[in-house]
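This briefing concerns a single protein chain and its computed structural features.

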Amino acid sequence: KRASLLRAALLGALVSFTAEIVQTLSALRMASWIDVGMNTLGAMLGAWAAPAFLPLLGRSAMRIRQSFSSRPLMAMAVVMSLMWILISLAPFDFVPNTVELHDRFLAANWRPAGTLPSDAFGVLAALARSSPLMIACACLALARITGGWTRIDALFSAAKHAFLLGAVVEVIQIFVVSQTFELSGIPEACLAGTAGAGLTVMATR
């Protein structure tokens, strides 16, 4: 037990120290010995708690695997939703301090309507960005229909899913340097999800 804690502390300290050295090469980051200490402590706590949580994680993974195998459409909806979230938040350059966060709030766009693409390339790019969400909502609607839901209820469920995802992503984008909060992104996400689900609903008639 003590040997495991010691190895975890040494590994955590080594990785953290390396990361802090790399941060000295960036003008946007600041190296700190406090970070090294806290990361080392976190590695030790993780090694100490792992024996208790690993069985729980194994049972949870088994339940997820069984759920996905029995409901593949819902599994696809989850995977495509996560893919859309990752695409929307890339490259994950989160704000490093409160000053930057203040600037992010000032740069937020609160107009409910966004600007439409001006050319065919812009339309294709918008569709490509929205395609994972459209596929996710299509799979969700189809899963609802096969589960006995009415088509209109399935459509509303997919639209609500897209709305909630759009709201979550836009709020998180406040904390991402290369992204901008745009209120219009929420109805756009809802529209994309509804379009994907609507096509599925019409195809199942």
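The count of disulfides in this structure comes to zero. The model is a predicted one, and its secondary structure comprises seven helices and zero strands. The points below are grouped by topic.

**Cysteines**

- A disulfide is a covalent bond between the sulfur atoms of two cysteines.
- The closest cysteine sulfur to that of Cys139 belongs to Cys137, and because the separation is 9.3 Å, the two are too far apart for a bond.
- The cut-off for a disulfide is a pair of cysteine sulfur atoms within 2.5 Å.
- For Cys190 the closest cysteine sulfur is likewise found in Cys137; at 8.4 Å, this pair is also too far apart for a bond.
- Cys139 has a relative accessibility of 11% and therefore counts as buried.
- Cys190, with a relative accessible area of 21%, is partly exposed; the buried class requires a value under 20%.

**Fold and packing**

- Read from the N terminus, the elements of the chain follow the order α-α-α-α-α-α-α.
- The chain has 205 residues, of which 28% count as buried.
- Considering contacts between residues at least 6 apart in sequence, 73% join residues that are at least 24 apart.

**Confidence**

- The chain has a mean pLDDT of 82, and 89% of its residues reach 70 or more.
- Confidence is lowest in helix 2, where the mean is 78.
- The highest confidence, at 92, is found in helix 6, which covers residues 151-173.

**Surface and helix 2**

- Ile34, Met38, Leu41, Leu45 and Trp48 make a nonpolar surface patch of about 580 Å².
- Met38, one of the patch residues, lies in helix 2, which spans residues 33-70.
- Met38 counts as exposed because its relative accessibility is 52%, and the exposed class begins over 50%.
- Leu45, also among the patch residues, is found in helix 2.
- With a relative accessible area of 49%, Leu45 is partly exposed.
- Leu45 and Leu5 are separated by 40 residues in sequence, while their C-alpha atoms are 8.2 Å apart in space.
- Helix 2, which holds Met38 and Leu45, is the element with the lowest mean confidence, 78.

Notes:
Residues are numbered from 1 along each chain as its sequence is written. This is a predicted model: local features need pLDDT of at least 70, side-chain atom pairs count only at pLDDT 80 or more; totals for chains, interfaces and linings use all residues. Side-chain values use heavy atoms; hydrogens and water are left out. Patches are made of residues with over 30% relative accessible area and no salt bridge: like charges are joined within 9 Å, nonpolar side chains (Val, Leu, Ile, Met, Phe, Trp, Tyr) within 5 Å. Accessible areas come from the Shrake-Rupley method with a 1.4 Å probe; for residues, only the protein chains shown count as cover. A salt bridge is a side-chain nitrogen of Lys or Arg within 4 Å of a carboxyl oxygen of Asp or Glu. Helices (H or I, at least four residues) and strands (E, at least two) are DSSP runs, numbered from the N terminus. Buried means under 20% relative accessible area, exposed over 50%, partly exposed in between (1.4 Å probe, protein chains only). pLDDT is the predictor's confidence in each residue, from 0 to 100. Contact means heavy atoms within 4.5 Å.
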